[in-house]
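Have the sequence and the 3D view open as you read.

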Amino acid sequence: MLGFRRNSENFENIIVAGGGGGVEWSESQILNSQGINVVQEGGGAYIYFELIGMKEGNVTPGIFDLDAKLSLNLDVEKVVENAAQKVKWAYKVEKSRTEEAKVIVEPWAISMLLSFALFPAFKGERLIKETTPLANKIGESVASELLTIPHSALG
């Protein structure tokens with residue numbers, strides 16, 4: 001990556017953990033018997049990087065940055081620089097206090113929480129590799145009885 005080579009001291013203790021990119025193009029046409037003929041076309045591109053910092057025994061979570069445009073003029077160096085800056089900020093995060101509190105969460109937030117935190121724990125790959133707390137728990141209760149997750153979407 002250009003930014004890493006050009007100014008490597010800014011990226012000390014930072015590891016590229018992932019990334020990707022893509023382009024898309026679509027065309028559509030609407031015609032009718034009244035003489036309407038509308039053609040629409042367009043495309044876009046995106047690129048993202050995930051960086052992780054490792055410094056003095058501290059490891060940051062994965063930090064992402066991205067660029068998406070309706071053209072191919074993506075600013076790769078800016079994406080790398082932004083993600084690296086976020087990693088540096090992550091080193092300065094202070095531990096928060098632990099306390100119990102009542103929280104009201106809207107349905108959309110609950111669905112996102114389940115999608116990113118709970119549902120991946122049920123993936124077969126994670127069960128086989130035993131990288132989920134649910135490994136070897138068949139037949140055991142793993143949550144409150146208030147939570148029910150059916151094994152079939154139809155039943």
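Does Asp-65 count as buried or exposed? With a relative accessibility of 12%, Asp-65 is buried (under 20% relative accessible area; exposed is over 50% and partly exposed in between, using a 1.4 Å probe and protein chains only).

## About the model

This is a predicted model, in which local features need pLDDT of at least 70 and side-chain atom pairs count only at pLDDT 80 or more, while totals for chains, interfaces and linings use all residues. Residues are numbered from 1 along each chain as its sequence is written, and side-chain values use heavy atoms, leaving out hydrogens and water.

## Helix H2

Helix H2 spans residues 76-91, and its 16 residues reach 23 Å from first C-alpha to last, close to the expected 22 Å (1.5 Å times one less than the number of residues). Helices here are DSSP runs of H or I with at least four residues, and strands are runs of E with at least two, numbered from the N terminus.

Glu-77, Val-79, Val-80, Ala-83, Ala-84 and Val-87 are the buried residues of H2. They sit on the same side of the helix because they cover an arc of only 160 degrees around its axis, taken from the directions from the axis to the C-beta atoms.

## Salt bridges

There are three salt bridges (a side-chain nitrogen of Lys or Arg within 4 Å of a carboxyl oxygen of Asp or Glu). In one of them, Lys-86 meets Asp-65 at 2.7 Å, N to O. This pair links distant parts of the chain, with Lys-86 in helix H2 and Asp-65 in strand S4 (residues 63-69), 21 residues apart. Lys-86 is partly exposed at 30%.

Lys-69 pairs with Asp-67 at 2.8 Å; Lys-69 is partly exposed at 32%, whereas Asp-67 is buried at 12%. Glu-99 and Arg-97 come within 2.5 Å, N to O, and Arg-97 is exposed at 69%.
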